[in-house]
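This briefing sets out selected features of the model shown below, grouped by topic.

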Amino acid sequence: MISIGRFARSAPRLPLIAGLSPFGKALVALGTYATWTVITWLLEGRIQTFLHPEAVTDRLVYTGVANVFVGTILALLLVREFVDSEFSSRAELGFRSVPRTLVAVLLAGIIGFALYALQQPPTTDPVVVMNVFAQVLPVSIAEVAVCWVVVGGSVAALLRSRGLNQYLARGSALVLSSVLFGVYHVAHSPPFNSLEMVGLLTVVGVGTGLIYFVGGSFYGALLFHNLMALFGIVSSLAEAGQLGTYQQPLVPLLVTALVAFVILVGSERLLVRP
């Protein structure tokens, strides 16, 4: 049987990244964010894919290219190069042991669901919540991986390499990641590209950043972030009168979310783990 480590050694490399200075690595991280944002605009915001539920092919192309290929696989390739070059570590980038990850996920889930319920959402129907959770998950994976792990993690590592206190480095990275997360939404279709929404989502990003940098868990931050997205999406569906279409399990959404999560875990195990 071929081991995971052997697969990892044969996986694609990004040799030019390893030889860069800490500042150069941080620039590559920002370039990845810019590329992901532009691709999001080309495949979603430009043609307003989110406003056309019937455009199944457009949605799949957008999800596959922007969120799975760039936002997940390419992002984790960068993480591997950061770790292999000792620019940062797996723990500092939020990839922890299984027990710690499970505890972080449990706590993030409790906090996230509580905040969702406290906002008095239009519905708490478990089927609707499940469908919307699945719809948002592939995007959330890319958002957390690019904004907080790749950009935030690299900026924190850069600041630490310049002698800044680790807490100040994390705080600075948290603020930058949250702002970039909000700005990224200008690449999406309405209503997410409005200045008001960008500001609101920046505040939401601070919450995700706290879970990520303080809790130190990528998967905990991912679950919390996805739960925070529920209220906005459910409210938008309610305003558009589309909640009824989510009251039965939507197999395409569930399958897409499952595939995106399997690719995430598989890539993480293949690229980021020893």
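How far apart do the end C-alpha atoms of residues 100–119 lie, and what percentage of the span is helix? They lie 29 Å apart, and the span is 95% helix and 0% strand. The model is predicted: local features need pLDDT of at least 70 and side-chain atom pairs count only at pLDDT 80 or more, while totals for chains, interfaces and linings use all residues. Residues are numbered from 1 along each chain as its sequence is written, and side-chain values use heavy atoms, with hydrogens and water left out.

**Annotated regions**

- An unreviewed UniProt entry places the feature "transmembrane region" at residues 16–39, 59–79, 100–119, 139–160, 167–187, 193–214, 221–238 and 250–272; UniProt positions follow the numbering used here, feature names are shortened, and annotations may be inferred rather than shown by experiment.
- Residues 221–238 are 100% helix and 0% strand, with end C-alpha atoms 26 Å apart; helices (H or I, at least four residues) and strands (E, at least two) are DSSP runs, numbered from the N terminus.
- The unreviewed UniProt entry also gives "domain: CAAX prenyl protease 2/Lysostaphin resistance protein A-like" for residues 166–229.
- That span, residues 166–229, is 81% helix and 0% strand, and its end C-alpha atoms lie 29 Å apart.

**Largest pocket**

- The largest pocket has a volume of about 1,400 Å³. On a 1 Å grid over the protein atoms alone, a pocket is an open set of points where a 1.4 Å probe fits, with protein on both sides within 12 Å along at least five of seven lines; grid points are joined across faces, edges and corners, and the volume is the space filled by probe spheres set on the points.
- Its lining consists of 44 residues (each with an atom within 4 Å of a point), and Phe 50, Gln 135, Val 136, Phe 192 and Ile 233 lie nearest the centre.
- Two or more lining residues come from each of α4 (56–84), α6 (126–161), α8 (195–215), α9 (218–239) and α10 (251–272); α9 gives the most, with ten residues.
- By class, this lining has 28 nonpolar, 13 polar and three charged residues. Ala, Val, Leu, Ile, Met, Phe, Trp, Tyr, Cys and Pro count as nonpolar, Asp, Glu, Lys and Arg as charged, and the others, Gly among them, as polar.

**Second largest pocket**

- The second largest pocket holds about 180 Å³ of space.
- Twelve residues line the second largest pocket, and Val 98, Thr 101, Leu 102, Tyr 219 and Glu 268 are the closest to its centre.
- α5 (98–118) and α10 each supply at least two residues of this lining, which has six nonpolar, two polar and four charged residues.

**Packing of α6 and α10**

- α6 and α10 pack at an angle of about 35 degrees, with their axes 8 Å apart; axes are lines fitted to C-alpha atoms, for helices over the stretch in contact, and angles run from 0 to 180 degrees between N-to-C directions.
- The contact (heavy atoms within 4.5 Å) includes Gln 135 of α6 and Phe 261 of α10.
- By class, the contact has eleven nonpolar, three polar and no charged residues.

**Backbone features in loops**

- The peptide bond from Pro 190 to Pro 191 is cis, with omega near 0 degrees, and Pro 191 is in the loop between α7 (166–184) and α8.
- Glu 86 is not a glycine, yet has a positive phi of about 60 degrees; this residue, Glu 86, is in the loop between α4 and α5.
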